[in-house]
Amino acid sequence: MPHDHDHDHHHAHAVLPSEPALRVKALETLLTEKGLVDPAALDAIIDTYQNKIGPKNGAEVVARAWADPAFKAALLADGTAAVSEMGFYGRQGEHVMVVENTPEVHNMVVCTLCSCYPWPLLGIPPAWYKSDAYRARAVREPREVLAEFGVTLLPTQKVRVWDSTAEMRYLVLPMRPEGTEGLSAEDLATLVSRDSMVGTGLAQGPAT
Ligand code: FE
């Protein structure tokens with residue numbers, strides 16, 4: 001459960017979940033015990049938001065940037081304005097910066113303090129994003145972490161790690177895969193995974 005960002009961001013990492021998270025857990029336990037909800041169904045709903053519905057917005061932004069150079073320039077110049085214009089704004093997405101992967105630089109996003117994440121673009125963060133291991137290791141040994149995600153970088157690419165805060169959330173603009181020249185923005189969006197927009201993945205090439 002991502003924590004509330006209304007307080008000062010520079011707190012020590014809490015070992016116990018925040019009060020809202022505890023309350024949600026208590027409610028879930030109670031509802032499960034009374035047979036009113038099935039935990040598997042809850043997991044399925046959360047998975048849908050994490051992996052399916054959520055990241056579709058971000059994928060739409062990336063595909064449009066690949067297809068439209070003027071939009072891409074505007075997106076890189078002022079991410080917040082460009083994504084707001086597409087209707088993607090709101091809580092946990094007030095300030096968005098888009099960072100572009102190139103043959104020289106691979107970008108990767110973390111929140112070292114907690115789990116700041118651009119909700120309007122990517123949905124709710126996956127468990128690994130919130131894990132102590134990812135938060136610590138993304139900064140200390142990004143290449144090792146990327147290798148564990150199956151990401152192989154070009155020898156020319158440096159890794160740049162962006163630490164999210166309540167003030168600024170990041171979206172990675174992955175490199176457009178080879179062989180996608182004729183594709184529509186709609187088809188391009190299907191190549192953009194959630195992880196490719198966090199920097200722990202790459203956009204996929206078209207199916208052969
Ligand atoms: Fe955070």
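This is a predicted model: local features need pLDDT of at least 70, side-chain atom pairs count only at pLDDT 80 or more; totals for chains, interfaces and linings use all residues.
**Entry 1: the iron site**

Cys-114 has a relative accessibility of 6%, and Cys-116 comes out at 0%. Each of them counts as buried because the cut-off is under 20% relative accessible area.

Next I looked up what these cysteines hold. The iron ion is coordinated by the SG atoms of Cys-111, Cys-114 and Cys-116, at 2.1 to 2.4 Å. Along the chain, I read the spacing of the iron donors as C-x2-C-x1-C. I also looked for disulfides and noted a count of zero.

**Entry 2: the salt bridges**

How many salt bridges does the structure hold? I noted seven, and I followed some of them up here.

One of them joins Glu-85 and Arg-64, with 3.9 Å between the closest N and O atoms. Glu-85 lies in helix H4 (residues 79-85) and Arg-64 in helix H2 (residues 39-67), so this pair ties together parts that are 21 residues apart in sequence. I checked how open the two partners are: Glu-85 is exposed, at 56% relative accessible area, while Arg-64 is partly exposed, at 28%.

I then turned to Glu-100, which forms a salt bridge with Lys-72; their closest N and O atoms are 2.6 Å apart. This pair also links distant parts of the chain, with Glu-100 in strand E1 (residues 96-100) and Lys-72 in helix H3 (residues 69-77), 28 residues apart. Glu-100 is partly exposed at 28% relative accessibility, and Lys-72 is partly exposed at 25%.

My last stop on this topic was Arg-137. Its side chain meets that of Glu-141 in a salt bridge, 2.5 Å from N to O. Glu-141 counts as partly exposed, with 23% relative accessibility.

**Entry 3: the aromatic rings**

I counted aromatic pairs next and came to seven. Trp-128 and Phe-149 have ring centres 4.7 Å apart and planes at 65°, so I wrote this pair down as edge-to-face. Trp-128 sits in helix H6 (residues 127-130), and Phe-149 is in the loop between helix H8 (142-148) and strand E3 (158-163); the pair links distant parts of the chain, 21 residues apart. Trp-128 is partly exposed at 21% relative accessibility, and Phe-149 is partly exposed at 30%.

Tyr-129 and Tyr-134 form a tilted pair, 5.8 Å centre to centre and with 35° between the planes. Tyr-129 is buried, with a relative accessible area of 0%, and Tyr-134 is buried too, at 5%.

Which residues do ring pairs link into a cluster? I listed Tyr-117, Trp-128, Tyr-129, Tyr-134 and Phe-149.

**Entry 4: a patch on the surface**

To finish, I went to the outside of the model. Leu-27, Leu-31 and Leu-36 make a nonpolar surface patch of about 290 Å². I placed Leu-27 in helix H1 (residues 19-33). Leu-27 has 51% relative accessibility and counts as exposed, because the cut-off for that word is over 50%.

Key: Residues are numbered from 1 along each chain as its sequence is written. Side-chain values use heavy atoms; hydrogens and water are left out. Donors are N, O and S atoms within 2.8 Å of the metal (3.2 Å for Na, K and Ca); water is not among the atoms, so sites may look incomplete. Patches are made of residues with over 30% relative accessible area and no salt bridge: like charges are joined within 9 Å, nonpolar side chains (Val, Leu, Ile, Met, Phe, Trp, Tyr) within 5 Å. Accessible areas come from the Shrake-Rupley method with a 1.4 Å probe; for residues, only the protein chains shown count as cover. A salt bridge is a side-chain nitrogen of Lys or Arg within 4 Å of a carboxyl oxygen of Asp or Glu. Helices (H or I, at least four residues) and strands (E, at least two) are DSSP runs, numbered from the N terminus. Buried means under 20% relative accessible area, exposed over 50%, partly exposed in between (1.4 Å probe, protein chains only). A disulfide is a pair of cysteine sulfur atoms within 2.5 Å. Rings of Phe, Tyr and Trp (its six-membered ring) pair if their centres lie within 6.5 Å; planes under 30 degrees apart count as stacked, over 60 as edge-to-face and the rest as tilted.
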